[in-house]
Amino acid sequence: MRYLRVLGRFWGTALAAELEYRGNFLIAALSSLGGAVGSLFGISLLYQGGYQPGGWRLEEALLVLAAFLMLDGLAFTLLSPNLNRVVEQVQKGTLDFVLLKPLDSQFWLSFRTLSPWGLSDGLIGLFIWFYAGSRLGLGLADYLLGFALLALAFVMLYSLWFVVASSSIWFVKVANATEVLRALIEAGRFPVQAFPAAYRFFFTFVVPVAFLTTVPAEAALGRLNLSGLGLAFLIALGLLLFSRVFWRFALRNYTSASS
């Protein structure tokens, strides 16, 4: 309960500061709408002439795109404004002040602020999700299962991003690495089955892009069996635990830049 109260204070002050510039929401919404239109246009090109990449129908592929937009919106709202600052805090030595606070340092670094402008991506993705679902005849249980897998996908993305950010304790210029991670995740706009076999292997077992967007869509479509659900849960839990252990290990090697 203490951490929930602190989280409420964190996000309350962040929203109050961000809402001083309300015109930013209109700009962000227009940018998100333009990006979504571009993605829809790209998917429509793949389906010209009756071609179905990886055997996915257009409405099914729209579920994958919707999952990507919702996940990207959450990432822009919570992950980007927090985890991208870890590198700066290590460089300037302000991480010292975080470590001195009576709060868990990983919690503080992960949830200190938020940017509500990413919600426009999430809302557009949610609209596409329900639109595609209505065309496919999905029921309430299908939607809920898809959202549950999307929550696991967010845990995976957070864990990977936090590990990359934590490596700044050894490697100062890891900001580019986070951009590479985001670029790889862009492949999640399309079903992983649409890629050649080598890319499918990479996006499943090296960088789990398939579990971020394709698997939630498959869950909503009823294509994911219990073993697949269990595997997604284990991967999310394993990555979260690894991020925790990795952070503890990184702190043992941290040398203050301010002293």
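Helices (H or I, at least four residues) and strands (E, at least two) are taken as DSSP runs and numbered from the N terminus. The model described here is predicted: local features need pLDDT of at least 70, side-chain atom pairs count only at pLDDT 80 or more, and totals for chains, interfaces and linings use all residues. Residues are numbered from 1 along each chain as its sequence is written, and side-chain values use heavy atoms, with hydrogens and water left out.

**Helix packing**

Axes are lines fitted to C-alpha atoms, for helices over the stretch in contact, and angles run from 0 to 180 degrees between N-to-C directions.

| Pair | Angle | Axis distance |
|---|---|---|
| H2 and H6 | about 40° | 8 Å |
| H6 and H7 | about 140° | 11 Å |
| H2 and H3 | roughly 150° | within 11 Å |

Angles under 35 degrees count as roughly parallel, over 145 as roughly antiparallel, 65 to 115 as roughly perpendicular and the rest as oblique. A crossing is left-handed if the near helix is turned anticlockwise from the far one by less than a right angle, and right-handed if clockwise. Contact means heavy atoms within 4.5 Å. For residue classes, Ala, Val, Leu, Ile, Met, Phe, Trp, Tyr, Cys and Pro count as nonpolar, Asp, Glu, Lys and Arg as charged, and the others, Gly among them, as polar.

H2 spans residues 23-46 and H6 residues 119-136, with an angle of about 40° between them, and the two are therefore oblique to each other. Their crossing is right-handed. On the H2 side the contact uses Ala28, Ala29, Ser32, Leu33, Ala36 and Leu40, which meet Ser120, Asp121, Ile124 and Ile128 of H6. Seven of these contact residues are nonpolar, two polar and one charged.

H6 also packs on H7, at about 140°, which makes H6 oblique to H7. This crossing is right-handed. Leu126, Trp129, Phe130, Gly133 and Ser134 of H6 meet Tyr143, Gly146 and Phe147 of H7. The contact divides into five nonpolar, three polar and no charged residues.

H2 and H3 cross at roughly 150°, so H2 is roughly antiparallel to H3. Here, too, the crossing is right-handed. Ala36, Ser39, Leu40 and Ile43 of H2 make the contact with Leu58, Ala61, Leu62, Leu65 and Leu69 of H3. By class there are eight nonpolar residues, one polar and no charged.

**Cavity**

A cavity is a set of points on a 1 Å grid over the protein atoms alone where a 1.4 Å probe fits but cannot get out, and its lining residues have an atom within 4 Å of a point. Grid points are joined across faces, edges and corners, and a volume is the space filled by probe spheres set on the points. The whole structure holds one cavity of 30 Å³ or more. The largest cavity contains about 80 Å³ of space. Its lining consists of Phe68, Leu71, Asp72, Ala75, Leu157, Trp161, Arg182, Ile185 and Glu186. H3 (58-92), H7 (140-166) and H8 (175-185) each supply at least two residues of that lining, and H3 gives the largest share, four residues. Six lining residues are nonpolar, none polar and three charged.

Terms used:
1 Å grid on protein atoms, 1.4 Å probe; cavity = no way out; pocket = protein on both sides within 12 Å on 5 of 7 lines; lining within 4 Å.
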